[in-house]
Amino acid sequence: MRRGRSLLSTALATVVVAATVVLPAAAAPLAGCSGTNDGDVAIGDNTTVESSITITDCPSAPSATATVPVKIVHTYIGDLQVSLVAPDGSAYVLHNRSGGSTDNIDQTYTVDLSGETSNGTWKLRVNDNAANDVGRIDTWSLNLGGSTPANDFSVAVSPTSGSVAAGSSASATVQTQTTAGQAQTVQLTATGLPSGATASFNPASVTTGSSSTLTISTTASISNGTYPITVRAAGSTTKTATYTLTVTGGTGPQIPDIDIAAVKQHLTQFNTIATQNGGNRRSTTAGYRASVTYVKDKLTAAGFTVTEQPCTSGCSTGAGPNVIAEWPGGNANNVYMFGAHLDSVTAGPGINDNGSGSAALLETALVLSRTNPSMLNKVRFAWWTDEEQGLNGSEFYVSQLPSTERTKIKTYHNFDMIGSVNGGYFINNISSAQSTHMKAYWDSLGLQPEENTEGRNRSDDASFTNAGIPASGYAMGASATKTSAQATKWGGTAGRAFDPCYHQSCDTTANISDTHLNRAVDGIAYTLWKSAVSSTPGADFSVSVSPSSGSVTEGSSVTATVGTQTVTGDPQTVQLSASGLPSGATASFSPASVTTGSGSTLTISTTASVANGTYPVTVTATGTGSRTTTYTLTVTGGGGGSCNGTNPNDVAIPDAGAAVDSDVVISGCSATPSGSATVAVKIVHPYIGDLTVALIAPDGSSYTLHNRTGGSADNIDQTYTVNLSGEAPNGTWKLRVRDLAAADVGNIDTWTLNLTP
């Protein structure tokens, strides 16, 4: 997110005040002589952090056998010193760098606190004294009465799961038990309900040891699916249990759960890209262009129509392009846009700001491709350039839209900083119609979101609202400070920034809250499906080939049957094609197009010059989507093939544009590639310091040949030696070239690959 100028003095003051100690995670004051703080506090390398418990109305002095149960997640507890700090500042060391490389602390310590005053703020202070390992304070408790347990209880649901037809209801028993101390009254609530479902309890509050009946009622318009419902019992502490609800027969679209692990894989890639390119992904750098390539390649492979839009006015000199991706289908007059800025500031890799929004959108788009639902409205994704320099990429995009295209965009949804480690739950224009679905999802989790006042006019949604296009979005907070009320409501640390690494070098993959990121990405999917996906199942099909393999003598032919099936929706016409054939072989289909549910005969014919070998032939059926199957062809009696090849065809290299490929197909090579294989390359270009050149193996492995060396020298005419001993020889090898700076163009002239020199 761009730093607002009006906040500059505040930001500077924050820098002056900041110290190595992260401010305490404040739990609400607790009456009695015990308390618990279960708000996570991140432990960074070489930092000191604190988590606090405030004790009030404790009538007695602390015991000589007070207890401190501590749970800390850390990969090397030998780095840690852990102390209990009394209200008067006295420190009691609980753990002092023992345990070596052992993972985690889960231990109850006994401490003589008889000389202390009970009431006041107690702190758990954790100091990481070495590099390379991070973790978090998970939870800790303080019992000043020594071995006398605090009041505690448990909650369970029986049965733990159930199925309901849309329009009907399901019930279960919620049972509570007193596990320590005295019985207490607890309030029962449920979160995680899908839209179209409500939960009630009879009674709504119980004394621990008693039970209540949970009833979940559904409407006919609810979406089919499986939903984890969280049942909460709130007393002196809050306990939870999970009830898994399966809905069948609903008319709403089935909304997928987005895998947070997949989102984090994208974040890891963005972090790696920054590390390999000077530590950041600023819009004008190679790190940004590598990010563009990563996103574009994923989307293109998934079937999106992807466009790199150069920002030709208003952007920083040398800024990379916007990435715009559309999914086929849906009413083109009703466009719902989902966007995030892809660039970072110069100071760091920008993983929360804004790898988090970029990765969440990318994985949501890939899930949309995999599920391939029937589309009611058009979905368009965008990854913006130069946001950190003034929202320039999105402003350029909006300025280039004709008025008729602007009116087609019904809502723009923006996602900027959605993984803040001390995050809150903020929605842009929270009370507006365009925020309805976003708010409904977070309301279903009981999150009580607030208006994103800190982010107003500081991210790309402003470019759309300024042009009269309705906009909304999620954010988890930047440099603003979390209030006590927000910490009570959401957890985390009051008095501390939502993102303590905002616009700093520490904004790495360690600066992400999985919980916040997961709740955001699932809300994105919920909003997309509710806005643009039809309740009618999408048309889908499968393709197979029988038999799945065959052998042919060179000069002869072989046949197989290609079968198709309608999986969902109505039958459709699909076109059949084949790829991966060796030189000297051709494929034909009779018929070449079929209605799903029907079959076709595949005939592969070979000439006398085809090389011996085994070839995986890909059979593709193309309709509303593309589905593939593999036929393994073995050729015998041929000339033995070749382990080298040349592509003499010119390929233009665009100026500061996308990577281009030139292919060499190796077939019938029976040898293992050499550890000193050669790649002879001739490229015509007036400034080879702009270029990256790589050899791409058939399995996708990349071998860098040239990485922007040579400065202003003309042309590349060089033979490179590469260790390809771990690769299979046969398949399509690519020479991939990209120009990463402006003002010069050129072309791939010719290149030769020799696997066995």
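User: Hi! Quick one to start: is W384 buried or exposed?
Analyst: W384 is buried, at a relative accessible area of 0%. Buried means under 20% relative accessible area, exposed over 50%, and partly exposed in between (1.4 Å probe, protein chains only). Do keep in mind that this is a predicted model: local features need pLDDT of at least 70, side-chain atom pairs count only at pLDDT 80 or more, and totals for chains, interfaces and linings use all residues. Residues are numbered from 1 along each chain as its sequence is written, and side-chain values use heavy atoms, leaving out hydrogens and water.

User: Got it. How many aromatic pairs are there in the whole structure?
Analyst: A search finds 18. Rings of Phe, Tyr and Trp (its six-membered ring) pair if their centres lie within 6.5 Å; planes under 30 degrees apart count as stacked, over 60 as edge-to-face and the rest as tilted. One of the pairs is F338 with F415, which is stacked, with 6.4 Å centre to centre and 5° between the planes.

User: Where do F338 and F415 lie?
Analyst: F338 lies in strand β23 (residues 331-341) and F415 in strand β25 (residues 409-415), so their pair ties together parts 77 residues apart in sequence. Helices (H or I, at least four residues) and strands (E, at least two) are DSSP runs, numbered from the N terminus. F338 is buried at 0% relative accessible area, and F415 also counts as buried, at 0%.

User: And back to W384, what does it pair with?
Analyst: W384 and Y397 form a tilted pair, 5.2 Å centre to centre with 55° between the planes. W384 lies in strand β24 (residues 377-384) and Y397 in helix α5 (residues 392-400), so this pair ties together parts 13 residues apart in sequence. Y397 is buried, with a relative accessible area of 6%.

User: Which other residues of α5 are buried?
Analyst: Besides Y397, they are N392, G393, S394, F396 and V398. Their cover includes β21 (305-309), β22 (322-326), β23, β24, α6 (403-408) and α8 (461-465).

User: Which residues make up the aromatic cluster that holds F338?
Analyst: F304, W327, F338, F381, W383, F415, Y425, F426, W442, Y474, W490 and F498 form one cluster.

User: Changing topic: how do α3 and α4 run relative to each other?
Analyst: The axes of α3 (residues 286-301) and α4 (residues 351-371) come within 10 Å and cross at roughly 10°. That makes α3 roughly parallel to α4. Angles under 35 degrees count as roughly parallel, over 145 as roughly antiparallel, 65 to 115 as roughly perpendicular and the rest as oblique. The axes are lines fitted to C-alpha atoms, for helices over the stretch in contact, with angles running from 0 to 180 degrees between N-to-C directions.

User: Which residues meet there?
Analyst: Y294, V295, K298 and L299 of α3 meet L362, A365 and L366 of α4. Contact means heavy atoms within 4.5 Å.

User: One more: which ring does R281 lie over?
Analyst: R281 lies over the face of F270, 4.9 Å from the ring centre. A charge sits over a ring if NZ of Lys or CZ of Arg is within 6 Å of the ring centre and within 35 degrees of the ring normal. R627 lies over the face of F541, at 5.9 Å from the ring centre.

User: Last one, where is T102?
Analyst: T102 is in the loop between β8 (91-96) and β9 (105-111), and counts as partly exposed at 42% relative accessibility. Leaving aside neighbours within four places in sequence, T102 is in contact with H74, T75, Y76 and I77.
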